[in-house]
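The following note sets out some points for a colleague who is new to this entry. Please read each one alongside the sequence and the structure.

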There are 4 protein chains.
Amino acid sequence: MVGFALFGAGRIGAMHAANIAASKRAALKCVYDVHAPAAQKVAAQHGAQVAGSVAAALADPAVDAVLIASSTDTHVDLITAAAKAGKAILCEKPIDLDIARVEQCRRDIANTGVAVQLGFNRRYDASHRAVRDAVAAGEIGQLQLLLITSRDPGIAPMEYMKVSGGIFRDMTIHDFDLARFILNEDPVEVSASGSVMIEPALAAINDVDTAMVTLKAPSGALVHINNSRLAVYGYDQRVEAFGAKGMVQSENWRASSLRRWTAHTTDAQEPLLHFFIQRYSQAYLDELNEFIDCVANKTAPGVGFEDGRKALVIANAAWEALRSGRTVAIRYD
Amino acid sequence: MVGFALFGAGRIGAMHAANIAASKRAALKCVYDVHAPAAQKVAAQHGAQVAGSVAAALADPAVDAVLIASSTDTHVDLITAAAKAGKAILCEKPIDLDIARVEQCRRDIANTGVAVQLGFNRRYDASHRAVRDAVAAGEIGQLQLLLITSRDPGIAPMEYMKVSGGIFRDMTIHDFDLARFILNEDPVEVSASGSVMIEPALAAINDVDTAMVTLKAPSGALVHINNSRLAVYGYDQRVEAFGAKGMVQSENWRASSLRRWTAHTTDAQEPLLHFFIQRYSQAYLDELNEFIDCVANKTAPGVGFEDGRKALVIANAAWEALRSGRTVAIRYD
Amino acid sequence: MVGFALFGAGRIGAMHAANIAASKRAALKCVYDVHAPAAQKVAAQHGAQVAGSVAAALADPAVDAVLIASSTDTHVDLITAAAKAGKAILCEKPIDLDIARVEQCRRDIANTGVAVQLGFNRRYDASHRAVRDAVAAGEIGQLQLLLITSRDPGIAPMEYMKVSGGIFRDMTIHDFDLARFILNEDPVEVSASGSVMIEPALAAINDVDTAMVTLKAPSGALVHINNSRLAVYGYDQRVEAFGAKGMVQSENWRASSLRRWTAHTTDAQEPLLHFFIQRYSQAYLDELNEFIDCVANKTAPGVGFEDGRKALVIANAAWEALRSGRTVAIRYD
Amino acid sequence: MVGFALFGAGRIGAMHAANIAASKRAALKCVYDVHAPAAQKVAAQHGAQVAGSVAAALADPAVDAVLIASSTDTHVDLITAAAKAGKAILCEKPIDLDIARVEQCRRDIANTGVAVQLGFNRRYDASHRAVRDAVAAGEIGQLQLLLITSRDPGIAPMEYMKVSGGIFRDMTIHDFDLARFILNEDPVEVSASGSVMIEPALAAINDVDTAMVTLKAPSGALVHINNSRLAVYGYDQRVEAFGAKGMVQSENWRASSLRRWTAHTTDAQEPLLHFFIQRYSQAYLDELNEFIDCVANKTAPGVGFEDGRKALVIANAAWEALRSGRTVAIRYD
């Protein structure tokens, strides 16, 4: 039984709390949120305590592991503190928006020996993972083209956008990690294009809502990513991997396999699952279960701190490419 | 927390045991099987006791409910005994192969007031249920044609076939219940055709392995069911409801949304989920949860004893139709 | 170059005229219709003559072949007259509604030696034919289940329904022929169910608008056909053949491969092609080309008089099955 | 009746010859090819003459129009000569590989007043065109993302590759035109990535076989194009247009709507149509018919010389982007 402290009781924190609570192998011991009522609500739902502070939560011997679902700017401090307290860590992406802080954090936790798992949910999706597995098994031969489509069902308020770090560090970072996961190598070049087509106010903060990114891997494999902050038909998540021997595609999932035929349309499928919490619900469970395995068996997570750092490196390079109109070499050191 | 006794620790009993054990709202108290090692294995897996007898299990005050997953010929006795012991009952289909015994059971438990839920898993499948809901909501107008395809991935050994009660009472009974569920009325006529095309030994026991059944409802709606004991491509479960305003279809589910393109085939989907335990895994969970709700809230199950009895009545009439070459009127009294 | 006389200048006659006119291997010589303006219009469109009478058309030495697209009750007389005049014949289905007249026609033309091809368009559809070819090539092993869905986009006026011969001889006759084509054997038993759910006035003329038919072949293969006179989503034409080694399906065709995603629906396909003239447009061309080949090369058509007669025999047996509530043995002699 | 001279009797010339010959509104008058036996074969098949020279063909008063399907380096001279001879022109893409020669040609034919239609077949494909029409009709609101996938079923021999002009001027040029067609505006920026992953010998001639291109339009709409010289599963041609109100996709076409289910795969679709001659067979017919309309009615073609020139401008800019690793501004003047 793995005892958890949860940091952050917002939408995604509440979901993680429910997953922890539903597991017979885990127990939600305490919840901390800077907004105390949020912590109280989630704690009450699952019979957990409200922690008075991060330090108090980390001092609790019943806490084996922490799940970090608080705002991005708190991640590094929480990772560092938890690592020094000897707690295993499951942290939502990104580690931080500032690569210097990430590097510092890397050094600070280097000798703690705790397991740090990053919440890159796409890696746990059955279909995206099946693409990776097919590529890894050589089913499509040498990978040549990889296409990732990732579009959100709605744009966040401008208050959030202002602190999001920009589309590449906030949204595309998932796709950069997914690309590395499927490529099984680190991309070395990036170019990027972007437009403001949805939320005009983004122009003032130098961000975009519509973007395309191209990556190139050492093998020569090319990756295309396209993002939109607003797809009216819902949360669109697809992957296509093309190689010397064929192609595999991960299509969207639906709530059911229903097809509808009416006077106006035929063979229409069910709406897309609303957003990440619905689309990746099983992935979040599988991610948690892998983390519990790591804690229980003292093994290393499949997706770790270094993956979080590298995704941020790519995001920064993509930003530079977008701003400079050049293909930018990606340097991971 | 609902305490369960499990009767029958075979494949489907083991699955139910795991579902009970995984629920935070239920506890597996004891397991009974005529084959004691099977009971021991399942009990040990989930920290439950092995019951020395049915009577002992029913005498246990920690047991609120029984889950009957033993062989068909034991169902009636177990239902009757459990009902008289005041235990709620979740029983796998069919109630019995002999309608007279079912009628007797109905009388015997009439005044016990216990909840009896039948394990018609199709009703809990998200897509089949979405078809029912669309029809009930009037989305396709008056239902006119209903097509049910149900084909197994492999045929059972002849020892089982000899006691199965024949294809209609063993296999099609699920489809008869599903038809009633979607029709929302009781079919009044049935005709049937069948052939032995897979297992020649079936001819000697007067059974078939390939069948088509047509039902007619009082509204005039027509129902087609086709069954095969062996589909080499897997467990094929589809429903199509056609009406005055359109059509809805429940397509097969897959383990993932992967599509494959090779030199030999394009756009190939994942294999079908192997058999009922995989295909209806979520349905079995939802079925159990509904039953736990019924026990906890003392409400009536959505699918009850009467549904089990009516499905058997239709199966018997279909058998008569097959043998006589006539359209047979279905009488439920 | 094959010279054609066209009998019947209605909707389907006009389509055949256009196909003949567009072929560089055929010429439309003359058109006859009891309604002279219809003949004049079609003849004028394609630079053909209006024939003053059937006899005049048949006396024209430039006429090598006749295409019969007039009302059903005229088919037998026209076939007989054309055969006696030594003209090759492409006749729309059915030969006649009265099996006695068909038998008489068979005797009357027995020694004329002319090619008679029946207009069973489904046989020329690329996808339906691919099902037949896959079955014939043994791709799915022994055929066990055959499902045919055939639903019209709209019901004809009651004046037509009164002379249509009933749903089985008018509409299902195409499916009976298609079943024979794919089975490659003649079904020996039929049962049928039907309802009036679309046009209440049909009850008074003892017809139905919603029907299901089951056929059994000597091999044991079972066939299901379902028909509706009104599918609001369009002309629905599908075939599914299931056998010992797998399954093949012929899905509906669309005007394009477009998919639409909106706020209300995802992955919606194009509307179905409106009705038989659109859905089977290529089939009508291929049918005509095969007929021209037969005339040019003096070979026998792939689908002939006997196929037309047998389809009517099945339709009559189905009608008897519907009326009697019995499975009826089909006798072709 | 439009009389045609055909220049070039290779694979695509032979196809055009057959289309001209099959039309009742056109006649193939003469064929010229530098390889005389090729011209003789095509001419003989369709009862046309072999022209002794280009000049002889252009001097023939029965020739109203020329179809240019010869090698790329002959296009400009043939266009110029034909225009000066007053013949309407349907020319295969590209106009030339050298933009200076294209500019010169533009000046040379400026005052001839003849119709010049470019053979951009994608514009005539029913599904690709339906995407354009949906966008133009505002069905998806403002266009934001456009994705074009174009992959060949096999790579041409190195002799051809050496004179092809490189992947962008040879292959992607179709996609550049298609992008302009759907965007309804001229892209102003391009970036590009490429790899040699199929034919190592391409490296020596500074070409690539695997490429991704990003375009940006004045509206902010972003376009992704991906190309491969070898897709083992066949000729893959897809378009996806995403906008403020939804998405439309043009999927691949198949020879039939057959689906296959076997022990190894389910729901597999028919192979893709082999290559451009099969995939765009109807498009080539529609293209020819539009051209015949233009000649007959003296109207301007929908896709003209200027479209050919602009596609080449984009291809050149893409090449510069690939070589420089910069986003390149596209200048059409």
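1. In this predicted model, strand β12 of chain A is largely enclosed by the rest of the structure, because 4 of its 5 residues are buried.

2. Within chain A, β12(A) pairs with strand β11 (residues 236-243) in the antiparallel sense, through 5 bridges. The two strands β11(A) and β12(A) make up a hairpin, with 2 residues between them. Val239(A) has Ser250(A) of β12(A) as its bridge partner.

3. A strand of another chain also pairs with β12(A): strand β13 (residues 258-261) of chain B runs antiparallel to β12(A), and 4 bridges join them. Here Ser250(A) is bridged to Leu258(B) of β13(B).

4. Chain A also touches chain D, with 27 residues of chain A in contact with 27 residues of chain D. On the chain A side, the elements that contribute two or more residues are β7 (143-151), β8 (189-195), β9 (210-216), β10 (222-228) and β12 (246-250). That side of chain A consists of 10 nonpolar, 14 polar and 3 charged residues.

5. Chain A is assigned two domains, domain 1 (2-114) and domain 2 (122-280 + 310-329). Their centres, taken over C-alpha atoms, are 27 Å apart. Domain 1 of chain A gives 9 residues to the contact and domain 2 of chain A gives 8.

6. On the domain 1 side of that contact, α1 (11-22) and α5 (99-109) of chain A each supply at least two residues. The largest share, 3 residues, belongs to α1(A). This side comprises 7 nonpolar residues, no polar residues and 2 charged residues.

Note on methods: Residues are numbered from 1 along each chain as its sequence is written. Chains are lettered from A and ligands numbered from 1 in the order in which they are written. This is a predicted model: local features need pLDDT of at least 70, side-chain atom pairs count only at pLDDT 80 or more; totals for chains, interfaces and linings use all residues. Two residues are in contact if their C-beta atoms, placed from the backbone, lie within 7 Å. Ala, Val, Leu, Ile, Met, Phe, Trp, Tyr, Cys and Pro count as nonpolar, Asp, Glu, Lys and Arg as charged, and the others, Gly among them, as polar. Domain bounds come from an automatic or database domain assignment. A residue is buried if 20 or more other C-beta atoms lie within 10 Å of its own, exposed if 12 or fewer, and partly exposed in between; C-beta atoms are placed from the backbone. Two strands pair if DSSP finds at least two bridges between them.
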